[in-house]
Amino acid sequence: HWLLIGLLSVSAGEHLRVCPQGNTCCTVEMEDKFGQQSKHDFETSVDETSHNLRSTFVSRHKRFDEFFLELLENTERSLNEMFVKTYGKPYMQNSEVFENLFAELKRYYTGGNVNLEEMLNDFWSRLLERMFTLLNSQYVISEDYLECISKYTDELKPFGDVPRKLKAQVTRTFIAARTFVQGLSVGREVAQRVAKVSSTVSCIRALTRLMYCPFCQGMPSVKPCKNYCLNVMKGCLANQADLDPEWNQYIDAMLLVAQRLEGPFNIESVMEPIDVKISEAIMNMQDNSAQVSYRVFQGCGQPKPAGMSRSARGVSDVFTTRFKPYSPEERPTTAAGTSLDRLVADIKEKLKTSKKFWSSLPDMLCDGDKVTLGNSTDEDCWNGHSKGRYFPEVQKDGLTNQVSNPEVEVDITRPDTNIRQQIMALRVMTNKLKNAYNGNDIYFQDSGNPPSSGCTHQFVTHLDKLSTLKWAERSDEALTAARERRGERDQAQGGECHVTIQSS
């Protein structure tokens, strides 16, 4: 309504501060309102244009996280059901060993400070102690004796080559999966923060001149020239464009890890048969129980007989049934309703389309009939002063290239702090992804702090749930003390998500 009122009177326009002076329909108040509207329109346009990018990272992060956690839960449930059926009471009496294995795997994936290699070594040591006790129940196996046995684990190799192979597979796949889901989380957070633009005074003036000054000149139907629009947007989004090099490297690193997840680091191919592999290890232990016991007796001494109060024989016959895995059609599926290959292929496709997004943002904002001149000739567009051709060249991308921007006064000596933080966040994440591609976990090579899992509600809830799981008691005092120290570190770090996108 204030525009229509202004159209009723034409003045010389010397009072205008932004739009061209001369005969005009606008008042100072109208020009101020145009400035407010320009700021709102610009910020809304950036938000809407980046919506698909942001929603892609949100939805794919959720799907991958949901898929992975349910895969772990299905694997644990499958192992428990089949071991109960196959091994019965001996398994149920020692099931916490396996429960702790999966609890620690989940804790690692959700960002806990877990050393995978140490944790898996610990699992096999504990399983050896339980198996040795069961297979030699005619003896009294004391806590000190169990401690002695654990020293011979590597030398005895009671479970054959299964622990070595499984450790290599589990370590590299979990490193890749955890880093990948955290990469999706970082991409989501960076996109959300960068899309929240804060317009400078110079930018608002340029946007007002671009979008609303034609109204003041009595030309409401004339649209801005394309190159004119590009110069305004490149000036207003100069800092966002500077994110693009790091963003592109981050996307490339995500695609590399995705290739690993499709191939040798495929978590489905590792986790689904894990029950079969552990059963194979148990059978190896039983087949070689006499030799293992003999060598333990040589190293640790002959244990005392149990006497008449306990069984006078071993219980090796308890493990006579060999484990049989699910057939493929019996295997449970995840709620995500897809395989890892299809899920990763979908994410890869979306990641590829997000490359060069931030440097392309000015083109996207200036594209289309709603903003700039459509199919008309160059002489029919608004050039910032009148209806006619726009002669200045389009500026290159980035902050330093705006030093001579004819439309927006940009201080190239003052980079946007928020954008610099996101650049650093992407740089850190890219380094982690490159290490994960090679199967390396750098979380235990730098500060020692556990990485973020994105701080989603699901992650926080899952961490809270995991905190209630108890470790089974161990006789090894040194290892118990080490776990206690590790637990103190976890507690000191807050037991919550630490957002990885803060600059260091």
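Let's start with a term: a residue is buried under 20% relative accessible area, exposed over 50%, and partly exposed in between, using a 1.4 Å probe and protein chains only. By that rule Asp242 is partly exposed, at 23% relative accessibility.

Now, what you are looking at is a predicted model, where local features need pLDDT of at least 70, side-chain atom pairs need 80 or more, and totals for chains, interfaces and linings use all residues. Residues are numbered from 1 along each chain as its sequence is written, and side-chain values use heavy atoms, with hydrogens and water left out.

The overall picture next. The protein has 22 helices and 2 strands. These are DSSP runs, numbered from the N terminus: helices are H or I with at least four residues, strands are E with at least two. Of the 504 residues, 51% are buried.

On to salt bridges. Each one puts a side-chain nitrogen of Lys or Arg within 4 Å of a carboxyl oxygen of Asp or Glu. The whole structure has 18.

Back to Asp242. Its side chain meets Arg420 in a salt bridge, 3.0 Å from N to O. Asp242 sits in helix α13 (238-242) and Arg420 in helix α20 (417-437), so the pair ties together parts 178 residues apart in sequence. Arg420 is partly exposed too, at 31%.

Glu43 and Lys39 form a salt bridge at 2.7 Å, N to O. Both lie in helix α2, 4 residues apart, about one turn.

Last one: Arg60, Arg63 and Asp346 are linked in a salt-bridge network.
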